[in-house]
Structures are given as structure tokens and as C-alpha cells.
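User: I would like to go through this model with you, one topic at a time. Shall we begin once it is on screen?
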Amino acid sequence: MNLKQGQNRHTYTVKEIQIENNLERRLEALGLTSGAKITVLNNDKRGSMTVKFRGTRFAVGRRIADHIVVEEATK
């Protein structure tokens with residue numbers, strides 16, 4: 001599934017980022033890499049979604065979230 005489909009207060013593991021290299025490198029610089037845990041804080045299906053990874057909250061646009069492949073994290 002992609003991050004855009006994520007549910008509020010659920011944690012996911014990033015499997016792959018399928019976006020242009022410059023955006024992928026920027027996300028990697030922020031700490032969003034394969035294997036990272038990401039928690040959806042607000043996904044109200046309008047505008048940007050709010051997520052938390054590496055202890056920091058970020059707003060992620062829908063287009064970017066659509067290209068981040070995730071799976072449900074195991075506890």
C-alpha cells in the first residue's frame with residue numbers, strides 16, 4: 001500500500017520510495033529511508049497529511065505520500 005492510504009495513529013514501515021531522485025534524496029536527508037518507521041498523525045483525506053518519523057512531525061503532500069510504499073509495522 002502507499003502512505004496516502006494510511007490510517008490515523010497507525011505506524012508503518014517504509015518499504016520503498018518511488019519518486020524523482022531529487023525528492024527521494026531530500027526525504028533521505030530528513031531520515032525517511034527504507035526500513036524507517038512512520039506514524040500517520042492526521043490523514044483527513046484533504047490537503048497534506050501529517051506524519052511523524054525519527055521523532056519529528058512533518059507535513060507530506062498527497063503526491064509524495066502516493067509514492068511512498070509502506071506496510072503495517074509489527075509490534
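**A loop residue, then the fold**

Analyst: Thr33 is located in the loop between α1 and β2. Please keep in mind that this is a predicted model.

User: Is Thr33 buried or exposed, or something in between?

Analyst: Thr33 is partly exposed, because its relative accessible area is 25%, and the buried class requires a value under 20%.

User: And what does Thr33 touch, leaving out residues up to four places away in sequence?

Analyst: Thr33 touches Val14, Glu28 and Arg54 on that basis.

User: How far is the C-alpha atom of Thr33 from that of Ala65?

Analyst: Those two C-alpha atoms are separated by 13 Å, and the residues are 32 apart along the chain.

User: Let us step back. How many helices and strands does the protein chain have?

Analyst: The protein chain contains two helices and five strands. Read from the N terminus, the order of the elements is β-α-β-β-β-α-β.

User: How does the radius of gyration of the protein chain sit against a compact globule?

Analyst: The two agree, because a compact globule of 75 residues would have a radius of gyration near 11 Å and the protein chain has 11 Å. The C-alpha trace spans about 30 × 30 × 25 Å along its principal axes.

User: What share of the residues counts as buried?

Analyst: Of the 75 residues in the protein chain, 35% count as buried. The chain exposes about 4600 Å², and carbon and sulfur atoms supply 45% of that area.

User: What about contacts between residues at least 6 apart in sequence?

Analyst: Among those contacts, 58% join residues at least 24 apart.

User: Now the strands. How do β2 and β3 run, and how many bridges join them?

Analyst: Strand β2, residues 37-42, runs antiparallel to β3, and three bridges join them. Within this pair, Thr39 stands opposite Lys52 in β3.

User: What lies between β2 and β3?

Analyst: The two strands form a hairpin with six residues between them. Lys45, in the turn, has a positive phi of about 70°.

User: Which sense does the pairing of β3 and β4 take?

Analyst: Strand β4 covers residues 56-60 and pairs with β3 in the antiparallel sense over five bridges. Phe53 stands opposite Thr56 in β4. The hairpin of β3 and β4 has two residues between the strands, and Arg54 there takes a positive phi near 55°.

User: Change of topic: where is Thr13, and why does it count as buried?

Analyst: Thr13 lies in strand β1, residues 11-17. Thr13 counts as buried because its relative accessibility is 10%, under the 20% limit. Leaving aside neighbours within four places in sequence, Thr13 is in contact with Gly35, Ala36, Lys37, Val69, Val70, Glu71 and Ala73.

User: Last one. Where is Glu24, and is it buried or exposed?

Analyst: Glu24 is in helix α1, residues 21-30. Glu24 is buried, because its relative accessible area is 17% and the limit is under 20%. Not counting residues up to four places away in sequence, Glu24 touches Ile17 and Ile19.

Definitions and conventions:
Residues numbered from 1 in each chain as written. Predicted model: local features only at pLDDT ≥ 70, side-chain atom pairs only at ≥ 80, totals over all residues. Heavy atoms only, no water. Pairing = 2+ DSSP bridges. Helix = DSSP H or I, 4+ residues; strand = E, 2+ residues; numbered from the N terminus. Buried < 20%, exposed > 50% of the residue type's maximum accessible area, 1.4 Å probe, protein only. Contact = heavy atoms within 4.5 Å. Rg over C-alpha atoms; globule rule 2.2 N^0.38 Å. Areas by Shrake-Rupley, 256 points an atom, 1.4 Å probe, with all protein chains shown as cover.
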